[in-house]
Each structure stands twice: as C-alpha cells, then as structure tokens.
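Welcome! Have the sequence and the 3D view open side by side, and look up each residue as you read.

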Amino acid sequence: MTQIHPFFPKSLFDPTASLLYDRLAAYPYPWEILRELPECIKSLGKILPDKSYHLLSPGIWIGENVNIAPTACINGPCIIGHNTEIRHCAYIRGNAVIGENCVIGNSTEVKNAILFDRTQIPHYNYVGDSILGKGTHLGAGTVISNLKSDGSAVNIPLPEGKLNTDMRKFGALIGDGTEVGCSCVLNPGTIIGKGCRIYPLNSIRGVIPEKHIYKNREEITPILESKHLPNQ
C-alpha cells in the first residue's frame, strides 16, 4: 500500500479552495511551489477572467468585492480572491495568492505564501513562506517562523528520519479548518494536519496529525467526535 504522508496536498487541502491547487499538487512536496511562486502568480494572473478580476496595479490582480483599507500596503505579484478583506495597516510583501472570503488583519504581514479560501489571519500575524488551508485561523499575535537561527536548510522530522526540504526559508503547512490559539510560534518546517486545535502560548515544531488537540509538547490528544443533542 502506498504511504500517504501527512504533508501531501490531498492530506491537507481542499482541491476546490485555491486557484493554485493543481499546480501545487504537481510538485513532489507542496513547499516546493514556494520557490517558484512569483512566476506561478504571473502566469496565472494572465489567464484570470477579466470580468471578475482586475489589475489594481501591474502584477496585482483583485477579485470582486475585495475591501482594502486605505492604509494597507500591497506589493506584487499578488492575487486576491473575491470578497476578501484587507484591513488597516496590513502588509502584503508580494508573492502571495490569497483566496476568497479571507481576512488579512491589522498589522498582519504576508510574504511568499498561499492562503486557501476562508483563511483568517486577523490580528498582528506574520505568515511567510507557508501554505494555509481552507478555513484556517491564526489567533492574535501568532507568527510563523520561516528561518532557522543558524540559517541552515529546514528539516521535517518524520518517523523514518529527518526530511531535508533543501529550503533555507520555509515556514509551515496548515491543513484545512485548523485553529491556532493566540501568541503561538510555529517553528520552521511545522506541519499541522486538518481540523486541529492548538492551545495558546505554544511553540510548535514537527508534524501534528490531523484532528488532534495540541495542549503542549507532552499532551497531544485526538479530538473525539462530539454528539450533538437534538434541537429542543
């Protein structure tokens, strides 16, 4: 039986929730697209439908009903999907594909990243060299670290040994529907599966399986399916 690693696109992401999913899935590992993201965005931007996307400025494509605060700064190349909100003092440094119905919040910075639809990074967040799945949410003050202190290539710890990404800058992969609490740090090479819950004030590293609660390094437990009472 072929092993499905927790970082394969089919393990993490809804294939209908990003304009770049097909290109992402064509790479052996999802993070490899981050090396070529600028060219991917430029080529995709050229074929976006003119009726629903327009050029805000050269290299910046904006969907319908996008709300951009006057104080936000957006550098290209960049694609922003329909109905997304870019709030006060948000900073999009470039090389970003932001999906539909997303929130990029006050004083939040995004650089070289793919955000699937309905992602929310609403308060003082940093997302660099990372991919966030559909409906993910980062609590206030949570940041993704994308560079090791010694500047060496980022490794991902797996049961069979460390996997060298051969990338000096790589932050995180976060699966669909994961909630990360306030003031967390996701260390370089972190992979969090779908539907996880991360408690606040944690420093996260390594691979967290889908549908788990991360309370601290010593306490990572499966999420039990809740039984809902019928409507009264």
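Let's begin with Ser52: leaving out residues up to four places away in sequence, Ser52 touches Ile62, Gly63, Glu64 and His82. Keep in mind that you are looking at a predicted model.

- To find Ser52, go to the loop between α3 and β1 (54-57).
- Is Ser52 buried or exposed? Its relative accessible area is 17%, so Ser52 counts as buried, the cut-off being under 20%.

- Asn65 sits in the loop between β2 and β3 (67-68).
- With 62% relative accessibility, Asn65 counts as exposed, because exposed means over 50%.
- Which residues does Asn65 touch, leaving aside its neighbours within four places in sequence? They are Asn83 and Thr84.
- Asn65 and Gly81 are 16 residues apart along the chain, and their C-alpha atoms are separated by 8.9 Å.
- Asn83, one of the contacts of Asn65, belongs to the loop between β5 and β6 (85-86).
- The relative accessible area of Asn83 is 37%, so this residue is partly exposed.

**Backbone details to look for**

- Asn83 has a positive phi, about 65°, although it is not a glycine.
- Asn112 is not a glycine either, and its phi is positive too, at about 50°.
- Where is Asn112 found? Look in strand β10.
- Asn112 is buried, with a relative accessible area of 7%.
- Gly76 and Pro77 are joined by a cis peptide bond, with omega about 0°.
- You can find Pro77 in the loop between β4 (73-74) and β5.

**The nonpolar cores**

- The largest nonpolar core has 33 residues, and Ile80, Leu186 and Ile198 touch the most other members.
- Which strands each supply at least two residues of this core? They are β2 (60-62), β5 (78-80), β8 (96-98), β10 (109-115), β12 (126-132) and β17 (172-174).
- Strand β10 gives the largest share of this core, three residues.
- Another core, of 31 residues, lies apart from this one, and Phe7, Leu20, Leu24 and Leu163 are among its members.

**Salt bridges**

- How many salt bridges does the structure hold? There are six, and three of them are described here.
- Arg93 pairs with Glu109 in a salt bridge whose closest N and O atoms are 2.9 Å apart.
- This pair links distant parts of the chain: Arg93 is in the loop between β7 (91-92) and β8, while Glu109 is in strand β10, 16 residues apart.
- Arg93 has 36% relative accessibility, so it counts as partly exposed.
- Lys42 and Glu39 also meet through their side chains in a salt bridge, at 3.7 Å from N to O.
- Both Lys42 and Glu39 lie in helix α3 (residues 37-45), three residues apart, which is about one turn of the helix.
- Lys42 is partly exposed, with a relative accessible area of 36%, whereas Glu39 is exposed, at 52%.
- In another salt bridge, the side chains of Arg87 and Glu85 meet at 3.4 Å, N to O.
- Arg87 counts as partly exposed at 29% relative accessibility, and Glu85 counts as partly exposed at 28%.

**The largest pocket**

- Rolling a probe the size of a water molecule over the atoms shows where empty space is left.
- How much space lies in the largest pocket? The volume is about 240 Å³.
- The lining is made up of Leu147, Lys148, Ser149, Val154, Asn155, Pro157, Lys162, Pro188, Gly189, Arg205 and Gly206.
- Sorted by type, the lining residues of the largest pocket are four nonpolar, four polar and three charged.

Key
Residues are numbered from 1 along each chain as its sequence is written. This is a predicted model: local features need pLDDT of at least 70, side-chain atom pairs count only at pLDDT 80 or more; totals for chains, interfaces and linings use all residues. Side-chain values use heavy atoms; hydrogens and water are left out. On a 1 Å grid over the protein atoms alone, a cavity is a set of points where a 1.4 Å probe fits but cannot get out, and a pocket is an open set with protein on both sides within 12 Å along at least five of seven lines; lining residues have an atom within 4 Å of a point. Grid points are joined across faces, edges and corners, and a volume is the space filled by probe spheres set on the points. Ala, Val, Leu, Ile, Met, Phe, Trp, Tyr, Cys and Pro count as nonpolar, Asp, Glu, Lys and Arg as charged, and the others, Gly among them, as polar. A nonpolar core is a set of buried Ala, Val, Leu, Ile, Met, Phe, Trp, Tyr and Cys residues joined through side-chain atoms within 4.5 Å. Buried means under 20% relative accessible area, exposed over 50%, partly exposed in between (1.4 Å probe, protein chains only). Helices (H or I, at least four residues) and strands (E, at least two) are DSSP runs, numbered from the N terminus. A salt bridge is a side-chain nitrogen of Lys or Arg within 4 Å of a carboxyl oxygen of Asp or Glu. Contact means heavy atoms within 4.5 Å.
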